[in-house]
Amino acid sequence: MTDVDALRISTLAERPALLPRIYEITETWPAFVPHDPVATAFLGRVAEDFPAHCVVATDGDRVVARELSVPFDATLDGREEMPDRGWDQVLTWAYRDRHRGLPGTPATASALEVTVDTGYLRRGLSARLLGALRNAAGQQGHDVLWAPVRPTAKHREPHVPMADYVRRRRADGLPTDPWLRVHVRAGGTVGRIAAASMTVSGSLDQWRRWTGLPFDRDGRIEVPGALVPVHCDTAHDHAVYVEPNVWVRHRTVRPDAGAPAAWSAGTTRGSVG
């Protein structure tokens, strides 16, 4: 088994030939997650449109992990720090800015996704990847990398409010959630809850196909992989999932500074685990 320290990690700007292969990873995302309409519209374009903000890990010729992030201008009016709509909002802002051709390099970047092949999980690779993504943001002139984090163990307790879940700490003071713990160990600062970070809605037949569950009663339905229950309305033939995430802020190292940059509470931010 390959030592994860021997894996090659680089940005997609450095290795553009890997672009067509970044989705060959064996992954465990719940089947309903890609049906967030913002993800449907934009996520598949991120690696091609922002390759310097995306990181890939390879084991020989095989792609075993990918990380996606985007830049946006957080100084514009109406762009509050760490928005409630989290993941959906920063991805929308990034593409709005790109469409408008805003000049210069915005000081803000946000992670979107860190996906590790199932055969490489629980081997310490995620910490290396997070460091690489933070460095990539610094290389692009960003002071801070924000991350709307999806806590990896929260799905086991879908009825626990995210704010209560995030407050849990181990005896050593670190978060009990494994992915939040990786972020904090890497120097991240846990911020506010993004209460409506992602939204997936669909007919009851769609939800049955995505989950294999009957969706035959009103109310809150527990769905494997969901961080909170899905709201089902049989009379109106639809169900809606609103996922909360947790904002984490990371300082970067800019090549012209040589040390972690300070962050400004009003203008910068710090993925998706």
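This is a predicted model: local features need pLDDT of at least 70, side-chain atom pairs count only at pLDDT 80 or more; totals for chains, interfaces and linings use all residues.
Buried residues account for 51% of the 273 residues in the chain. The secondary structure consists of six helices and nine strands. The radius of gyration is 18 Å, close to the 19 Å given by the globule rule for 273 residues, so the chain is as compact as a globular protein of that length. Along the principal axes, the C-alpha atoms fill a box of roughly 60 × 50 × 45 Å.

The structure contains zero disulfides. A disulfide is a covalent bond between the sulfur atoms of two cysteines. Cys 54 is buried, its relative accessible area being 0%. Cys 232 is likewise buried, with a relative accessible area of 7%.

Thr 58 is located in strand S2, which spans residues 55–59. Its relative accessible area is 3%, under the 20% cut-off, so Thr 58 counts as buried. The side chain of Thr 58 makes a polar contact of 2.9 Å with the side chain of Arg 15. Apart from neighbours within four places in sequence, the residues in contact with Thr 58 are Leu 7, Arg 8, Arg 15, Leu 18, Val 63 and Val 64.

A pair of aromatic rings is described by the distance of the centres and the angle of the planes. The count comes to eight aromatic pairs. One of them, formed by Phe 42 and Tyr 95, is stacked, with 4.8 Å centre to centre and 10° between the planes. Phe 42 belongs to helix H1 (residues 37–49) and Tyr 95 to helix H2 (residues 86–100), so this pair ties together parts that are 53 residues apart in sequence. Both Phe 42 and Tyr 95 are buried. For Phe 72 and Trp 93, the ring centres are 5.3 Å apart and the planes stand at 45°, so the pair is classed as tilted. Phe 72 is part of strand S3 (residues 62–72) and Trp 93 part of helix H2; the pair therefore ties together parts that are 21 residues apart in sequence. Phe 72 is buried at 1% relative accessibility, and Trp 93 is buried at 4%.

One aromatic cluster is formed by Phe 32, Trp 207, Trp 210, Phe 215 and Tyr 241. Phe 215 is placed in the loop between helix H6 (204–211) and strand S7 (219–221). With a relative accessible area of 2%, Phe 215 is buried. A positive phi is also found at Asp 237, where the value is near 55° in a residue other than glycine. Asp 237 occupies the loop between strand S8 (230–233) and strand S9 (238–251). At 41% relative accessibility, Asp 237 is partly exposed.

The buried residues of helix H5 are Trp 179, Leu 180, Arg 181, Val 182 and His 183. Their cover includes strand S4 (108–116), helix H3 (125–139), strand S5 (144–149), helix H4 (162–167) and strand S9. The N-terminal end of H5 is capped by Asp 177, a side-chain oxygen of which lies 3.1 Å from the backbone nitrogen of Trp 179. H5 is followed by Gly 187, which has a positive phi near 100°.

Ala 186 is placed in the loop between helix H5 (178–185) and strand S6 (189–203). Its relative accessible area of 30% lies between the 20% and 50% cut-offs, so Ala 186 is partly exposed. Leaving aside neighbours within four places in sequence, Ala 186 is in contact with Leu 130, Arg 134 and His 250. The C-alpha atoms of Ala 186 and His 250 are separated by 8.2 Å, while the two residues are 64 residues apart along the chain.

Note on methods: Residues are numbered from 1 along each chain as its sequence is written. Side-chain values use heavy atoms; hydrogens and water are left out. Helices (H or I, at least four residues) and strands (E, at least two) are DSSP runs, numbered from the N terminus. Buried means under 20% relative accessible area, exposed over 50%, partly exposed in between (1.4 Å probe, protein chains only). A polar contact is a pair of N or O atoms within 3.5 Å; within protein, one must be able to donate a hydrogen and the other to accept it, and residues adjacent in sequence count only if both atoms are side-chain atoms. Contact means heavy atoms within 4.5 Å. A disulfide is a pair of cysteine sulfur atoms within 2.5 Å. The radius of gyration is taken over C-alpha atoms; the globule rule is 2.2 Å times the number of residues to the power 0.38. Rings of Phe, Tyr and Trp (its six-membered ring) pair if their centres lie within 6.5 Å; planes under 30 degrees apart count as stacked, over 60 as edge-to-face and the rest as tilted.
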